[in-house]
Amino acid sequence: TGEARRQLASLTSAVCGATCHPHPAARAAAAHALTALIRAMPNEATPTVLRLVRPAMSDLTRPAARCGAMATFAALISAQPPQLVPYAVLLLVPLMGAMSDPLRGIRVA
């Protein structure tokens, strides 16, 4: 299982990149995949997801990236994996900021 975990961990960065895809279905699939990765390997996946996806929440030049970041964190919060609790404080400020986003689709995510 060690080799399988390494292979899954190597996919985390690529899936994080898919959260910025212009198509909403691709962003949603990436969000759900990241939720599954965090549930399976919280210590390996969570820091990578936060490092790569969280900055997109405040990227005003890329609306698709903001939508993808919000979809990712909405999926994580909906799934409520207990592994996310120590990182909740790192999500609070960007999520609060998203409530005043100029795009309605991001505010309602």
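Modeller: Contact here means heavy atoms within 4.5 Å, and the model we are looking at is a predicted one.

Biologist: With that cut-off, which residues is Thr46 in contact with, leaving aside its neighbours within four places in sequence?

Modeller: Thr46 belongs to helix H3, which spans residues 42–53. Once its neighbours within four places in sequence are left aside, the residues in contact with Thr46 are Ile38, Met41, Leu84 and Tyr87.

Biologist: Is Thr46 buried or exposed?

Modeller: The relative accessible area of Thr46 is 1%. Buried means under 20% relative accessible area, so with its value of 1% Thr46 is buried.

Biologist: Which backbone oxygen does the side chain of Thr46 reach?

Modeller: A polar contact requires a pair of N or O atoms within 3.5 Å, and the side chain of Thr46 has a backbone oxygen at 2.9 Å. That oxygen belongs to Pro42.

Biologist: Turning to helix packing, how are H1 and H2 oriented to each other?

Modeller: Helix H1, residues 2–18, packs with H2 at an angle of about 150°, and their axes are 9 Å apart. Angles over 145 degrees count as roughly antiparallel, and H1 and H2 are therefore roughly antiparallel.

Biologist: How many nonpolar residues has the contact of H1 with H2?

Modeller: On the H1 side, Arg5, Leu8, Thr12, Val15, Cys16 and Ala18 meet a set of H2 residues that includes Ala26, Arg27 and Leu37. By class, this contact of H1 with H2 has one polar and two charged residues, while the number of nonpolar residues is 10.

Biologist: What is the orientation of H2 to H4?

Modeller: Helix H2, residues 24–40, and helix H4, residues 63–79, pack with their axes 8 Å apart and at an angle of about 40°. That angle makes the orientation of H2 to H4 oblique.

Biologist: What is the handedness of the crossing of H2 and H4?

Modeller: In this packing, residues of H2 including Ala31, Thr35 and Ile38 meet residues of H4, among them Cys67, Ala71 and Ala75. By class, the contact of H2 with H4 has nine nonpolar, four polar and two charged residues. The crossing of H2 and H4 is right-handed.

Biologist: Finally, which residues does Leu95 touch, not counting those up to four places away in sequence?

Modeller: Leu95 lies in helix H5, residues 88–98, and its C-alpha atom is separated by 13 Å from that of Ala75, 20 residues apart along the chain. Not counting residues up to four places away in sequence, Leu95 touches Met57, Met70, Phe73 and Ile77.

Key: Residues numbered from 1 in each chain as written. Predicted model: local features only at pLDDT ≥ 70, side-chain atom pairs only at ≥ 80, totals over all residues. Heavy atoms only, no water. Helix = DSSP H or I, 4+ residues; strand = E, 2+ residues; numbered from the N terminus. Buried < 20%, exposed > 50% of the residue type's maximum accessible area, 1.4 Å probe, protein only. Polar contact = N/O pair within 3.5 Å; in protein donor to acceptor, adjacent residues only side chain to side chain. Axes fitted to C-alpha atoms, helices over the stretch in contact; angles between N-to-C directions. Parallel < 35°, antiparallel > 145°, perpendicular 65-115°, else oblique. Left-handed = near helix turned anticlockwise from the far one by under 90°. Nonpolar A, V, L, I, M, F, W, Y, C, P; charged D, E, K, R; others polar.
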